Amino acid sequence: MSGDNAKLTHVAGTFLIQADGAFLNGAGLGEGEDRNVTIPKTFRDGQRGEVPYVSAQAWKRWLRTTAIQEAGWPASEPQAIGWNPKGNVNKIAGQLNPVEFPEDDIFGYMRAQEGQGRRKAGEEDEAGEEEETGGKTKSVMRASPFAASLLVSLRSSGWRGQDEGFVHLTKFDPKALAEAEVERFLGSVSDETQDKKKDLWKRLEAFEKEWAAQVKSVADEGELDNLRQLLSAKAQEKNKEVTFIENATSPLPYTTRFYNTHLQAVFCLDYGRLGVFWNLGDRIELEEARAKKLLDTGQIENVTAQEPYHSLSQNGKLGRVYRLRDGDERKTRAAALFKALAVLRGGAKQAQFGTDIAPKVLILAGLTCGNPVFNHLFKDDSEGPLFKIETFKEIIADYADRIATPVLIGIRAGYLKNEAEVRALDGWHLVKSATDTKGTAMEKPSKEKPSEGQSVEVRIMTPVEAAKSIGEQLP
């Protein structure tokens, strides 16, 4: 079926990043003895051990930013839209405008509404929709058409590295040191448990208010010798002793744990949902007030009466469906997304580790189904990552009737251990049934498309060429 792109509904793919000496997504500080170590995100994988990963949220943010930079799209910057009773932000959202902001169209959004689904007595929305919607509170929500997995390490052991360093100092802040000495005094002399969230000087007043004021005065002046004498004298009254800081400019250690590995992820773009916005049930993707303006300007059209949306909306009883009027915009957006993926950039601690996160391998294919089929196609090896040829052949044989474009394999020369075997996949693969072939699902590729039978075309190129090519294949 390869090449029958008219029926394409999804684009599935996978990619592999070379992450040697990298720290791309942090998990904060370690625990126990590692309390001073900055650590990357990891998870436990049964008997395999600890596996580094990058969250899907993180690498999709990198992709959004790269796409905005590459395509020149306007950015749908997150902004505060809700505050709790204490005045702190508790809700954020972007522009919620998938028509004029392509990233909203591709990556979705959500603005939850308090009392979602409940009837709002006496309320009417800006477009006067209360009667048609039953007067229910609605949230503005668009599920992301771009589904993505974690970016996971191929290695579960032998990946760990540690960067240990020191900041050497020649100066210190006298006031900060004075406050630190007072804190040490409280920790050594006070009989009460110290709550460091409370004001330092208020806590010191528990000893004697006038004395505390005298201590604060010398601290504010940076008179450290006088400060220590006052604190020592008070400690002696309590038959206790304070150990003061001896070396105020001791080297400051910093340690970062990083990884040496390769990171793989899978993704699937629901191409049929790009540029189409459902306002069905108690969830809407495009605010009706905004939709009315966009209809007036001709940027969208109401396609509720057209199939398949007529059936989807139950003859319009569930709501409305809108679509971009510019039919080429969907292809333009998807093509820009994949081009951005091929030159992906971002990640934490780039100033310290400088990792190129552009994929060294990028595989893409258009499908007539939403399965992210290219799973776990890579295996770690001491001489470089291995592409699992037999697994790949099995996948394209099983999904041959659902593959709507050539399968595009973009590889960087010299990266994969079995690069020669991967390049030998280039060509048309005739898929035979297991009965015909006694277990062999595919024959060797040919340069010409077989005249009979079901076949899948595989093309080998660079990652950037693969991304460009899939954009050209889209209907």
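Tutor: Let's start with a term: a residue is buried if its relative accessible area is under 20%, exposed if over 50%, and partly exposed in between (1.4 Å probe, protein chains only). Here, Val458 has 0% relative accessibility, so Val458 counts as buried. Before we go on, this is a predicted model, where local features need pLDDT of at least 70, side-chain atom pairs count only at pLDDT 80 or more, and totals for chains, interfaces and linings use all residues. Residues are numbered from 1 along each chain as its sequence is written, and side-chain values use heavy atoms, with hydrogens and water left out.

Student: Where is Val458 found, and which residues is Val458 in contact with?

Tutor: Helices (H or I, at least four residues) and strands (E, at least two) are DSSP runs, numbered from the N terminus. Val458 belongs to strand β23. Contact means heavy atoms within 4.5 Å. Leaving aside neighbours within four places in sequence, the contacts of Val458 include Phe392, Ile396, Val407, Ile409 and Leu425. Leu425 is 33 residues from Val458 along the chain, yet their C-alpha atoms are separated by 6.5 Å.

Student: How do I read strand pairing, and which way do β21 and β23 run?

Tutor: Strands of a sheet pair through backbone hydrogen bonds, either parallel or antiparallel. Two strands count as paired if DSSP finds at least two bridges between them. β21 and β23 (residues 454-461) run parallel, joined by 4 bridges, and Gly410 has Met461 as its bridge partner in β23. β21 also pairs with β18, in the antiparallel sense, over 4 bridges; there, Leu364 has Leu408 as its partner in β21.

Student: Why is β21 called largely enclosed?

Tutor: Because 5 of the 5 residues of β21 (residues 407-411) are buried, the strand is largely enclosed by the rest of the structure. Val407, Ile409 and Ile411 point one way, while Leu408 and Gly410 point the other way.

Student: How many residues are in the largest nonpolar core?

Tutor: In soluble globular proteins, nonpolar side chains tend to be buried together. A nonpolar core is a set of buried Ala, Val, Leu, Ile, Met, Phe, Trp, Tyr and Cys residues joined through side-chain atoms within 4.5 Å. The largest has 46 residues, and Trp59 and Phe338 have the most contacts inside it. A second, separate core has 32 residues, among them Cys268, Val361, Phe374 and Val456.

Student: Last one: at what angle do α4 and α7 pack?

Tutor: Axes are lines fitted to C-alpha atoms, for helices over the stretch in contact, and angles run from 0 to 180 degrees between N-to-C directions. Helix α4 (residues 174-189) and helix α7 (residues 224-237) pack at about 5 degrees, with axes 11 Å apart. So α4 is roughly parallel to α7; angles under 35 degrees count as roughly parallel, over 145 as roughly antiparallel, 65 to 115 as roughly perpendicular and the rest as oblique.
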